[in-house]
Protein chains: 2
Amino acid sequence: MSALKGASAPIHFGSFIVTPQVFLTTPLSFALVNLKPILPGHVLVSPRRVVPRVTDLTPAETSDLFLTVRRVGRMVERVYGASSLNIAVQDGVYAGQSVPHVHAHIIPRKAADLDHRGGTDAVYDLLDGEEGDLAKAYKDAKTGDADKTGDEPANGTDAQTRRSKFPAVDNEQRRPRGEAEMKAEAEMLAREMENEPLD
Amino acid sequence: MSALKGASAPIHFGSFIVTPQVFLTTPLSFALVNLKPILPGHVLVSPRRVVPRVTDLTPAETSDLFLTVRRVGRMVERVYGASSLNIAVQDGVYAGQSVPHVHAHIIPRKAADLDHRGGTDAVYDLLDGEEGDLAKAYKDAKTGDADKTGDEPANGTDAQTRRSKFPAVDNEQRRPRGEAEMKAEAEMLAREMENEPLD
């Protein structure tokens with residue numbers, strides 16, 4: 001069941017069906033809410049076609065993807081009361097990509113939002129953890145393990161680094177959300193996108 | 001003096017003139033080598049128009065920018081023998097942006113390239129340091145301080161975090177390069193772009 005009125009065919013993120021999390025589709029891209037957002041409004045934008053690398057995209061897909069990033073970024077910045085955005089693509093395994101389907105992270109930022117977790121740039125440590133566990137999190141959610149805290153490290157070093165910086169917040173932060181919560185957010189963001197200028 | 005044949009008007013990155021570092025211009029964007037690359041082939045792509053935020057770009061500028069990112073990314077990945085790319089935009093001050101001119105970082109990645117500095121995701125700690133000091137580095141270079149190690153922290157917490165992880169590499173890594181070295185690399189990359197398919 002989709003958060004989008006009139007949407008029919010299931011939407012894939014890698015090998016996972018994410019239709020209830022999708023709040024926007026364009027001719028060549030889609031935007032979805034996150035299983036484990038780093039900060040409120042942390043969303044992903046992907047091409048409809050499941051390809052691993054940016055270079056695998058056609059020029060038309062590349063334009064559509066980043067025009068969607070720009071428009072969705074403006075919307076989440078407004079809706080979540082932020083004033084900056086981190087935009088990041090881990091393009092390939094050796095850049096930290098875990099789901100082999102191009103995806104841009106958009107993370108709304110505001111003053112001092114991560115001060116209690118290590119400062120502005122702590123977003124990257126959190127992103128590392130999130131991205132490292134994205135495939136695992138989707139697999140857990142699929143097999144009904146969505147209530148697990150999911151804090152087993154995919155990579156001992158990363159998890160240790162992260163933990164030493166943000167010991168208390170980490171487990172709480174990284175608990176995957178349930179389908180109902182994600183679908184409600186996707187429906188809210190789908191409505192907000194209707195207020196967002198096309199250009 | 002430009003690394004590009006036939007280029008005339010000076011090219012600005014924020015308030016800095018970076019013409020000798022530029023290896024590609026398109027109708028609406030340009031690509032430049034980095035004063036302090038995190039890894040070999042770490043380059044930047046910016047719109048010609050000096051605006052701080054992605055939302056300030058027109059749709060045509062957005063498309064041109066990211067089509068350029070895709071094409072330049074493919075080129076640096078090939079030339080530097082990499083197999084993945086980190087692509088990151090710090091869009092606004094609270095996302096860590098220091099030069100108020102939209103710029104996408106492209107960082108070629110390969111297996112185990114940062115193992116001695118903390119693993120795959122150490123790129124973000126290094127990016128934090130680099131980005132945090134980008135404005136400072138350009139100011140130093142402009143006033144002839146390019147040979148300084150530039151390791152005074154812009155932000156005590158970040159610098160301490162970075163240092164505790166990569167104490168030995170940090171000072172060495174973050175030494176700004178000279179104009180001649182950057183111009184030679186820009187000339188080499190300008191030639192390589194000529195071999196890169198347009199699409």
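Guide: Welcome! Rings of Phe, Tyr and Trp make an aromatic pair if their centres lie within 6.5 Å, and planes under 30 degrees apart make the pair stacked. Please keep in mind that the model before you is predicted.

Visitor: Thank you. How many aromatic pairs does the structure hold over all chains?

Guide: There is one aromatic pair over all chains.

Visitor: What makes the rings of Phe66(A) and Phe66(B) a stacked pair?

Guide: Two values are needed here, since a pair of aromatic rings is described by the distance of the centres and the angle of the planes. For Phe66(A) and Phe66(B) the centres are 4.0 Å apart and the planes stand at 5°. Pairing asks for centres within 6.5 Å and stacking for planes under 30 degrees apart, so this pair counts as stacked.

Visitor: How do you know that the pair joins two chains?

Guide: Look at where the two residues sit. Phe66(A) belongs to helix α1 of chain A and Phe66(B) to helix α1 (residues 59-79) of chain B, so the pair joins two chains. Both Phe66(A) and Phe66(B) are buried.

Visitor: Now to the sheet. In what order do its strands come?

Guide: Ten strands form an open sheet, in the order β3(A)-β4(A)-β5(A)-β7(A)-β6(A)-β6(B)-β7(B)-β5(B)-β4(B)-β3(B), with antiparallel pairing.

Visitor: Why are β3 of chain A and β3 of chain B called edge strands?

Guide: Each β3 strand, residues 22-25 in its chain, pairs on one side only. From one strand to the next, the twist averages 20°.

Visitor: How do you know that β5 of chain B pairs with β7 of chain B?

Guide: Pairing takes at least two bridges, and three bridges join β5 (residues 43-47) of chain B to β7 (residues 104-109) of chain B, in an antiparallel arrangement. Within this pairing, Leu44(B) has His105(B) as its bridge partner, and Val43(B) stands opposite Ile106(B). Strand β5(B) is also joined to β4(B), by five bridges and again antiparallel; there, Phe30(B) stands opposite Ser46(B).

Visitor: What makes β5(B) largely enclosed by the rest of the structure?

Guide: Five of its five residues are buried, so β5(B) is largely enclosed. Val43(B), Val45(B) and Pro47(B) point one way from the strand, Leu44(B) and Ser46(B) the other way, and all are buried.

Visitor: Which strands does helix α1 of chain A lie across?

Guide: Helix α1 (residues 59-79) of chain A lies across β3, β4, β5, β6 and β7 of chain A, and runs at about 165° to β5(A). In chain B, helix α6 (residues 179-194) packs on the sheet too, touching β3, β4 and β5 of chain B and making about 35° with the direction of β3(B).

Visitor: Why is His101(A) called buried?

Guide: Buried means under 20% relative accessible area, and His101(A) has 0%, so the word applies. You will find His101(A) in the loop between β6 and β7 of chain A. Its contacts beyond four places in sequence include His12(A), Phe13(A), Phe30(A), Val50(A) and Pro52(A).

Visitor: What makes the approach of His101(A) to the backbone nitrogen of Gly14(A) a polar contact?

Guide: A polar contact needs a pair of N or O atoms within 3.5 Å, with one able to donate a hydrogen and the other to accept it. The backbone nitrogen of Gly14(A) lies 2.8 Å from a polar side-chain atom of His101(A), which puts the distance inside that limit. The side chain of His101(A) also reaches the backbone oxygen of Arg49(A), at 3.4 Å.

Visitor: How do you know whether Val22(A) is buried or exposed?

Guide: The limit for buried is under 20%; Val22(A) has a relative accessibility of 0%, so Val22(A) counts as buried. Val22(A) has its place in strand β3 of chain A, and among its contacts beyond four places in sequence are Ala3(A), Ile11(A), Leu32(A) and Ala186(A).

Visitor: Which residues have the most contacts inside the largest nonpolar core?

Guide: That core has 84 residues, and those with the most contacts inside it are Val18(A), Phe23(A), Val72(A), Val18(B), Phe23(B) and Val72(B). Beyond four places in sequence, Val18(A) touches residues including Ile11(A), Phe13(A), Phe30(A) and Tyr138(A).

Visitor: And how many helices and strands does chain A come to?

Guide: Chain A comes to six helices and seven strands, and 60% of its 199 residues count as buried.

Conventions
Residues are numbered from 1 along each chain as its sequence is written. Chains are lettered from A and ligands numbered from 1 in the order in which they are written. This is a predicted model: local features need pLDDT of at least 70, side-chain atom pairs count only at pLDDT 80 or more; totals for chains, interfaces and linings use all residues. Side-chain values use heavy atoms; hydrogens and water are left out. Helices (H or I, at least four residues) and strands (E, at least two) are DSSP runs, numbered from the N terminus. Axes are lines fitted to C-alpha atoms, for helices over the stretch in contact, and angles run from 0 to 180 degrees between N-to-C directions. Contact means heavy atoms within 4.5 Å. A nonpolar core is a set of buried Ala, Val, Leu, Ile, Met, Phe, Trp, Tyr and Cys residues joined through side-chain atoms within 4.5 Å. Buried means under 20% relative accessible area, exposed over 50%, partly exposed in between (1.4 Å probe, protein chains only). Rings of Phe, Tyr and Trp (its six-membered ring) pair if their centres lie within 6.5 Å; planes under 30 degrees apart count as stacked, over 60 as edge-to-face and the rest as tilted.
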